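Work through each task first, then compare your steps with the solution.

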Amino acid sequence: MSDTANGANYLEVQDLKVHFGKKGATVHAVDGVSFTVSKGTTFGIVGESGSGKTTTALAVMRLTHITDGHVSLEGRNIGALDGEELREARRAFQIIFQDPYSSLNPRQRAADIIREPLDLMEIGQPAERDGMVSDLIKQVGLRPEQGALFPHQFSGGQRQRIGLARALATKPSLIVCDEPVSALDVAIQAQILNLMANLQEELDLTYLFISHDLGVVQHICDEIAVMYLGQIVEQADRRTLFTAPEHPYTKTLLSAVPTLHAARGDRSKRQRLSGDPPSPINLPKGCRFASRCPLVEKQCHETPPPLRAVSGGHFVACHLAG
Amino acid sequence: MTVLKVDNIVVDFATRRGNARVLDHVNLEVNEGEILGIVGESGCGKSMTALSIMGLVPSPPGNLTSGSIYLEGRDLVGLSKDEMREIRGNEIGMIFQEPMSSLNPVFTVGEQIAESVRLHENASQRAAWERAVEMLRAVGIPEAEVRAKSYPHQLSGGMRQRVMIAIALACNPRVLIADEPTTALDTTVQAQIFDLLEELQKSRGTAIVLITHDMGAVAQLADRVAVMYAGRIVETGTVEQVLTMPRHPYTEGLIACVPHLQPDPPEKREPLLEIPGVVPSLTELGDGCAFAPRCNRALATCTGRQPVLKTEGNGHATACWAVEAELENV
Amino acid sequence: MTVLDTKDESLPRAEHPAAEAWRVFRSRPAALFGLLLLSIIVIVSLFGPVLYAVDPFEIVWAPLTPPFETETAILGTDNLGRDMLAGLIVGGRATLLVGVTAALITIIIGILVGALAGYYLGWVDDVLMRITEFFQVLPPLLFAMVLVTLFSPSLPVVAMSIGIVSWPATARLARAEFMRIRGLEYVSAGRSIGARDGRLIWRVILPNALAPLIVSATLTIGVAILFEAGLSFLGLSDPNTMSWGLMIGSGRQYVLDAWWVVTLPGAMIFLTVLGVSLIGDGLNDAFNPKLRER
């Protein structure tokens with residue numbers, strides 16, 4: 001595949017489905033998601049709770065089961081691996097989590113947390129590993145002597161740095177970031193986001209960045225997919241998505257974000273969603289957004305809109321778009 | 001008219017590492033029908049300010065050392081527990097970040113609102129229930145008669161927060177304290193709750209104290225804002241003043257370090273401005289400005305003496321030696 | 001470039017969680033008292049017979065002599081004229097041994113079953129939990145009695161049967177802890193850095209699940225001691241090994257005429273269980289992170 005060689009189809013997710021539960025009460029957490037990510041770029045997935053963004057991330061990481069579909073990394077179908085093969089392949093893709101408190105084992109010292117992947121994946125000679133750990137600690141902006149401390153002795157931002165160092169230890173090319181800054185104080189968010197941007201440049205990392213925060217996504221992502229109830233409803237590059245959104249859900253989402261310099265009283269013009277999203281167990285047969293959509297038409301209730309290109313690289317799943 | 005006046009309050013906490021001054025001479029005023037935003041990072045004292053107003057400072061280890069809190073001219077500090085209970089709910093309502101844990105899972109939401117009505121007013125059971133349904137309607141819950149019979153777990157997060165607001169407003173309080181009311185909610189739901197709060201403030205004249213870490217929320221909702229750092233107010237003024245002309249280096253940093261959504265994002269990604277370091281421990285504060293170790297404009301005076309709030313002619317006040325020096329030179 | 005988070009701070013002391021737990025435990029007077037009490041009882045049971053070499057089965061004086069009447073049997077004699085003091089000293093061995101062994105059996109089976117069920121879930125969980133429920137619905141005393149009657153009424157059999165009837169509660173606790181912790185992100189992180197199931201179960205989850213299990217194991221010792229006393233009282237323990245339960249059992253007819261025959265061993269059981277419970281409470285506090293900072 002020539003596309004893979006030049007990095008255009010570095011991560012490819014095809015028709016991914018993750019369903020939970022038993023027959024009759026199946027939760028369609030992720031229901032037919034496809035996207036491709038180019039090497040060295042950041043692909044953002046935004047959505048609200050229940051959109052399936054985190055489940056998508058965990059499925060790519062092979063940390064939850066995959067009901068159907070393909071996930072391939074550099075042309076290799078990692079969705080089909082298991083056992084020792086999967087364990088070995090995990091070197092190439094790592095994850096950082098939202099909660100810096102529950103993502104580190106409270107009984108391990110920071111240096112041991114970072115050293116663990118080196119030991120488990122047998123990276124370098126055992127004698128070299130102390131040096132590698134200390135390099136990793138420095139790389140994320142901590143001091144090597146802090147490696148002797150336990151997680152509860154660090155602040156939230158520092159813990160997130162330790163999580164990053166652990167993820168970088170196996171020299172992965174893909175890092176899945178599941179809301180990496182949402183649990184941090186605003187002043188600390190900037191430190192972590194800048195660190196992530198620097199590391200991406202230095203190490204040619206690819207990020208799959210999951211977030212509900214549109215400001216953060218706009219800042220850090222190159223390409224963005226908006227998810228609603230297990231499906232991608234719109235996908236475009238950063239500038240297109242924010243300047244020319246097409247899907248009514250994307251538009252509502254954007255208008256709901258409080259911006260800094262909007263004059264007060266402007267809000268009457270804003271679009272508001274009414275009601276709650278339908279249950280992910282009993283999904284409507286047409287468009288999943290139809291029950292809350294301000295533009296809804298008859299066909300929306302009957303046929304689900306496919307994700308289609310409205311212009312180069314801009315995809316929308318809406319009958320009325322374009 | 002000033003409804004709530006926080007006058008020079010000091011709150012101390014006894015910890016294992018010594019005394020922590022959680023609130024250090026905090027002054028605030030909220031007028032009728034006004035929304036005051038209090039912003040800052042966690043540990044800056046914004047939630048403690050709310051608890052002090054409610055008379056809910058956990059004691060021990062906490063202690064309101066000095067100062068007064070006036071509600072329509074009446075000092076709340078020193079009131080008995082029973083008197084304070086009267087005030088809470090009747091005259092000051094509060095809503096919290098996590099609506100699920102604040103609701104009792106074994107009663108219907110209607111019963112809980114009615115209960116709060118009956119607790120503070122002499123109403124018959126029937127009248128209280130009708131009031132509850134009416135409140136649910138007022139906070140925008142569709143089919144209020146049916147929803148009143150739902151249990152908390154049967155409602156979505158946004159609905160539960162509406163119920164909390166209904167409980168807080170059931171007795172028509174003069175002041176509503178909202179402590180991070182939308183932090184646990186989705187963006188679109190947050191927007192609905194903001195609309196609701198604003199509408200209530202307009203229609204009922206309720207004064208609202210909005211505690212948040214989100215400058216965007218302040219810009220959307222508040223009339224005036226107070227920025228807190230390490231237990232002190234470092235800058236206060238109208239939202240326009242503080243957000244468009246921030247004076248204090250900390251306020252500047254708080255605004256610039258967050259990637260705010262832009263309608264027309266630039267092609268190239270610029271690094272975010274960072275506030276270096278972390279919030280200091282309250283037991284280890286020196287004599288100088290608490291922000292000085294993280295400040296890019298710190299002067300020699302800053303580490304020696306604590307700056308006090310200096311008000312410019314238009315009511316915009318800042319506690320910063322560097323800003324003071326600058327304004328004097330102009 | 002990124003600024004170091006704690007450039008000017010001196011490094012705080014890195015305290016191992018176990019050391020921290022001990023520091024909290026040490027600060028609780030009740031827990032220390034429990035530890036002292038239990039230590040004394042253990043030391044007396046271990047070394048007492050060496051210093052006070054009287055056979056507890058030997059008839060030394062007139063039956064039912066009250067305490068402090070003769071120097072030969074300072075704490076009096078039982079209905080057969082045997083020395084009460086000798087019985088109390090030697091009886092502790094059997095009682096403690098049965099208690100600790102039963103607690104060990106409980107915790108080992110309980111953790112094994114609970115860990116596998118809580119980690120793998122699915123059909124493994126279904127099968128193991130059905131088995132657990134089977135053992136849980138058996139009336140414990142009756143079941144233990146059946147076991148003891150089937151085999152011989154010897155100490156190992158008594159300890160085993162107590163262990164077998166008490167593990168289901170521990171298994172359920174272990175399962176709940178494993179289910180909670182396996183959902184935490186550091187376990188997912190462990191999987192993604194290449195940890196295999198065995199490592200995740202025994203090296204990552206178990207140490208973090210251990211605190212409540214240790215507390216429950218401590219309390220199981222107390223329960224097992226009472227259980228052994230009950231079996232002995234019913235005459236279902238080894239009649240040739242002196243234990244506090246046996247003393248109560250054989251003296252039960254004389255309780256109205258000779259209070260000491262039942263009260264003294266009863267008091268020993270009470271003190272032992274009290275000591276164990278106080279230690280259990282102390283451990284509970286020591287492992288509770290919310291109480292550490294105070």
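This is a predicted model, in which local features need pLDDT of at least 70, side-chain atom pairs count only at pLDDT 80 or more, and totals for chains, interfaces and linings use all residues. Residues are numbered from 1 along each chain as its sequence is written, while chains are lettered from A and ligands numbered from 1 in the order in which they are written.

**Exercise 1.** Trace the pairing of β4(A) with β1(A) and β5(A).

*Solution.* Helices (H or I, at least four residues) and strands (E, at least two) are DSSP runs, numbered from the N terminus; two strands pair if DSSP finds at least two bridges between them.
- Step 1: β1(A), residues 11–20, and β4(A), residues 68–73, are antiparallel, with 5 bridges. Val13(A) faces Val71(A).
- Step 2: β4(A) also joins β5(A), residues 76–77, through 2 antiparallel bridges. Here Ser72(A) is partnered by Asn77(A).
- Step 3: 2 residues separate the strands of this hairpin, and Glu74(A) has a positive phi near 50°.

**Exercise 2.** Find the edges of the open sheet in chain B.

*Solution.* 
- Step 1: Its 4 strands follow the order β2-β1-β4-β5, with antiparallel pairing.
- Step 2: β2 (18–31) and β5 (74–75) of chain B each have a single partner strand, so one side of each lacks a neighbour in the sheet.

**Exercise 3.** Locate the kink in α8(C).

*Solution.* 
- Step 1: Go to Leu206(C), shortly before Pro207(C), where the kink is about 55° (the angle between axes fitted to the seven residues ending there and the seven starting there).
- Step 2: Continue just past α8(C) to Gly235(C), with a positive phi of about 80°.
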